[in-house]
Amino acid sequence: MSIKILIILAIPNFMSNIPSNIKFLRKKKGLTQQQFADEIGIKRSLVGAYEEERADPKYDLLKKIALFFDISIDDFINESIDEKWAPKPKGNPANLRVLSISVDKDDNENIELVPLKASAGYLNGYADPEYVAQLPKFYLPMFKQGTYRAFEIKGDSMLPLISGTIIIGEYVENWADVKSAETYVVISKSDGVVYKRIGNKFKDNKKLKLMSDNPVYEPYEINGEDILEIWKAKAYISTHLPMPTPEPTLESLTTMMAQMQRSISNLQSNN
């Protein structure tokens, strides 16, 4: 299987902002193209090519430039930055995010699997194409529309789904679409990868309530600015098969017979 890495954004032609943003931010710092190139560690000719839209910087360089100008990678890529520009609040559902995915030789999106042992690293590598390229991958024909990722969960907070179950989630671009009482995989700086039921709609500058299906665990809230990604649960894979239906007892059979007799009596009365 041949693999290539794409960057998925919720708006088209995201690279169109980058040339003007580099030029504006460079001049705002009072740097020539050569001075800026020296600061970043690239050739001056590349700076000119980026600003004149003759070349596109790679993702690693985009991150480096955003860090140099002390702005988020999301704002640097998605916003048209000028004197009137101001960064959006973190966690704003309108604040678009970068998502790295992989595709097979037929351009079908893979479902990347984040196993338990990779969960900690996912917090740092979720937007890194090189990290995503190293994750295990599979493809399910039932999931043709949308972008999906699989997460191995741990603990017993979401029983009857046991620890080790794999949740397949669909990427949520706009967090305002998150629905109360439904289950999601939430990626956050504080909690890492968790699978929970949502207790409220997401709103700007408000906390998101996360609930466990296991009543032993108390609900808790998480700040919107702490959230990195949200994936809506669509399916799960588990080696824990359901137990067979228990054999009927004498008591249950008696109850069933009584219900049948009442139903027959009602039919005779109606006739």
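This is a predicted model: local features need pLDDT of at least 70, side-chain atom pairs count only at pLDDT 80 or more; totals for chains, interfaces and linings use all residues.
## Ground rules

Residues are numbered from 1 along each chain as its sequence is written. Local features need pLDDT of at least 70, side-chain atom pairs count only at pLDDT 80 or more, and totals for chains, interfaces and linings use all residues, while side-chain values use heavy atoms, without hydrogens and water.

## The sheet

Strands β5 (residues 148-152) and β6 (residues 166-171) run antiparallel, joined by 5 bridges. Ala150 has Ile168 in β6 as its bridge partner.

## Two helices

Helices are DSSP runs of H or I with at least four residues. α1 (residues 18-28) packs on α3 (residues 44-51) at about 120°, with axes 7 Å apart. Axes are lines fitted to C-alpha atoms over the stretch in contact, and angles run from 0 to 180 degrees between N-to-C directions. That makes α1 oblique to α3: angles under 35 degrees count as roughly parallel, over 145 as roughly antiparallel, 65 to 115 as roughly perpendicular and the rest as oblique.

Pro19, Ile22, Lys23 and Arg26 in α1 meet Val47, Tyr50 and Glu51 in α3. Contact means heavy atoms within 4.5 Å.

Technical notes: Two strands pair if DSSP finds at least two bridges between them.
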